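Good morning, and thank you for coming. I would ask you to have the sequence and the model open while I speak.

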Amino acid sequence: MTRSNDMVAEALREFAELLSIAGEDQFRVRAYEKAARAVAEDPVAVDGLDEKALDDIPGVGSHIAAKIRELLSTGRIGDLDDLRARVPAGLRVLLDVPGLGPRRARQVYEELGIASLPELLDALHAERLRTLRGWGPASEENLRVAIGQAQQAGARMQIDVALDVAEGLVEGMRRCPAVDLVTYAGSLRRMCETIGDIDLLVASTRPADAMDAFATSPLVANVSARGSTKCTATTTKGVHVDLRVVAPQVWGAALLYFTGSKAHNIHLRRIAQHLGLKLSEYGLERIDTSSSVAAATEEEIYGHLGMPWIPPTLREDRGEIQAALHDDLPRLVETKDIRGDLHVHTDLTDGLASLEDMVDAARRHRYRYVAITDHAPLLHMERMTDEKALAQRRVLRTLQPKAGLTLLHGSELNIQPDGSLDWDDEFLAGFDVLVASIHSHFTMSRDEMSKRLIRAIEHPAVNIIGHPTARSIGHRPPIEFDAEAVFEVAARAGTALEINSFPDRLDLNDELARLAQDHGVVFAISTDAHSTRHLDNIRYGVATAQRGWIRPENVINTWPLGKLRTFFAKGGRR
DNA sequence: GCCGTTTTCGGCCCGACTGTTTTCAGTCG
């Protein structure tokens with residue numbers, strides 16, 4: 001999966017970090033950061049571009065274009081090697097220490113010779129930092145606490161965990177009479193795949209009371225910073241929360257600001273500037289007179305900037321502002337568009353609920369159809385057999401008359417290392433729908449893996465590739481394959497790619513889904529449910545699809561049954 | 001280092017909070 005763009009972006013990021021520690025001009029640092037982002041998110045692979053085409057990438061100018069060319073042709077950047085020689089490697093690590101920015105990282109290095117985290121901890125212990133200019137006992141203590149919390153908090157949360165905490169906090173604040181409005185914002189509102197901390201926004205005319213309610217909430221364990229409008233705390237579950245209280249009349253501006261992303265906000269502010277306006281969390285105002293133009297709602301603010309409201313799932317500065325300015329935002333798939341779930345397990349294999357219960361649950365979701373797709377025999381631990389599959393099919397057919405929705409009999413096949421599948425073609429032809437997934441041999445070469453996937457995609461019985469990269473967030477990296485080649489075959493073969501809704505999968509992810517859609521691929525947004533409750537996870541799959549700009553017409557389980565069956569036939573009979 | 005409806009120089013997003021200052025620097029989001 002590693003693209004040349006990722007490799008180049010990483011080098012540019014390192015360049016930016018080393019420049020910042022070296023004390024170079026901050027705008028030069030930002031230029032490298034911006035270029036890194038631009039390259040990472042550019043849909044075109046940079047290794048095919050000449051210097052002129054590289055220069056055309058917004059944020060990449062002649063100097064950085066030359067460095068990229070140098071990296072692509074020689075495998076290194078001379079100036080980066082020089083920088084590395086000037087700045088010890090350990091100092092980069094110090095930038096990740098919360099509370100330690102480039103200036104202070106450089107200060108502790110130059111004045112105390114500290115160039116690693118262990119050395120920093122030693123200096124803290126010996127109370128040597130307080131001897132530096134600008135430091136005192138309190139700043140030492142804060143740094144100590146921040147390092148401890150970072151080590152304890154560690155990884156980012158899965159989105160379902162964060163949503164649970166956030167909804168609990170919102171519910172609690174809603175009961176406070178001083179609170180007019182309350183919601184979560186930040187990366188959670190944008191539905192990012194993992195969440196670092198929770199941003200809570202409150203509108204109130206009595207901010208002190210609202211702040212008190214938060215600080216004394218049973219869910220809040222300790223408060224680490226508190227001003228008149230802002231409060232930072234940790235919940236009893238160790239989740240970091242930032243609360244911001246604003247006046248109700250600036251709700252929209254604050255919501256826009258705290259939803260982010262940072263890059264989206266910066267882009268909006270630059271547009272505001274060009275219009276003679278200034279945008280902050282307190283509203284949009286004229287620069288010359290400081291008179292307010294808009295603040296109450298997000299819609300008004302976007303409107304005054306010359307564009308329609310942009311859904312939070314798109315706010316990553318990946319072209320959505322440009323699209324909005326041209327009134328060309330995509331219509332995004334929504335949960336209400338989903339007519340059925342096409343990847344569902346039962347207790348015949350590793351699901352927890354019976355076939356009857358899963359069918360009931362799908363009916364309660366008001367679905368028009370559901371596909372039961374238990375595991376196939378080659379996933380040996382699940383002990384599937386031909387007989388069990390056929391028996392399940394018979395039961396399914398007897399449930400159909402009173403089911404209230406169409407029951408499709410399917411299976412989740414195992415794509416073998418050579419791309420072959422469980423069961424012979426004749427047996428496979430008996431299913432209504434087939435998902436094929438990779439469950440083993442995750443570390444084949446990129447080339448072999450691409451061939452493996454393509455063979456499965458081209459199989460006339462396979463309709464959907466399940467969790468295509470097989471990643472497990474926080475546990476297993478995605479498998480590597482030639483995404484563009486695979487996507488082209490999937491589009492041509494009439495095989496859908498899954499957007500798996502499980503919070504630790506979200507696979508395809510947003511960026512790959514967007515790339516796939518550009519190649520003409522269609523998608524199945526499925527839950528891979530192993531219990532009735534898992535059907536609710538569809539919201540995460542839909543959010544991931546939205547983040548990938550996926551339109552409803554490209555999602556096969558928004559289609560009516562007739563169209564879906566035609567698609568499943570892949571030009572043949574079924 | 002990048003960029004241009006302020007166009008080849010001179011800007012570059014904006015504000016809160018903390019700790020150390022005695023008017024501000026550093027960090028964060």
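I shall speak about a sheet, then salt bridges, and finally a charged patch.

First, some notes on the source: this is a predicted model, in which local features need pLDDT of at least 70 and side-chain atom pairs count only at pLDDT 80 or more, while totals for chains, interfaces and linings use all residues. Residues are numbered from 1 along each chain as its sequence is written, chains are lettered from A and ligands numbered from 1 in the order in which they are written, and side-chain values use heavy atoms, with hydrogens and water left out.

Let us begin with the sheet. Strands of a sheet pair through backbone hydrogen bonds, either parallel or antiparallel. Here, an open sheet of 7 strands runs in the order 11-12-13-14-15-16-17, with parallel pairing. Strands are DSSP runs of E with at least two residues, helices are runs of H or I with at least four, and both are numbered from the N terminus. Two strands pair if DSSP finds at least two bridges between them. Which strands form the edges? They are strand 11 (340-344) and strand 17 (523-526), each of which pairs on one side only. Strand 12 (residues 369-375) and strand 13 (residues 406-414) are joined in the parallel sense by 7 bridges, and Val370 stands opposite Leu407 in strand 13.

I turn to the salt bridges. A salt bridge is a side-chain nitrogen of Lys or Arg within 4 Å of a carboxyl oxygen of Asp or Glu. The structure contains 40 salt bridges. In one of them, Asp337 meets Arg331 at 3.1 Å, N to O. Is Asp337 buried or exposed? Asp337 counts as buried because its relative accessibility is 12%, and buried means under 20% relative accessible area, exposed over 50%, and partly exposed in between (1.4 Å probe, protein chains only). Arg331, at 42%, counts as partly exposed.

Glu334 forms a salt bridge with Lys336, with the closest N and O atoms 3.9 Å apart. Glu334 is partly exposed at 31%, whereas Lys336 is exposed at 64%. Elsewhere, shared partners join Glu10, Arg13, Glu14, Glu17, Arg76, Asp81, Arg84 and Arg92 into one network of salt bridges. Within it, Asp81 and Arg76 have their closest N and O atoms 2.7 Å apart.

Finally, the patch. Asp386, Glu387, Asp424, Asp425 and Glu426 gather in a patch of negative charge on the surface. Patches are made of residues with over 30% relative accessible area and no salt bridge, like charges being joined within 9 Å and nonpolar side chains (Val, Leu, Ile, Met, Phe, Trp, Tyr) within 5 Å. Accessible areas come from the Shrake-Rupley method with a 1.4 Å probe. Lys and Arg count as positive and Asp and Glu as negative, with each charge placed at NZ of Lys, CZ of Arg, CG of Asp or CD of Glu. Helix 18 (386-399) and helix 19 (425-428) each supply at least two residues of the negative patch. Asp425, in helix 19, counts as exposed at 52% relative accessibility.
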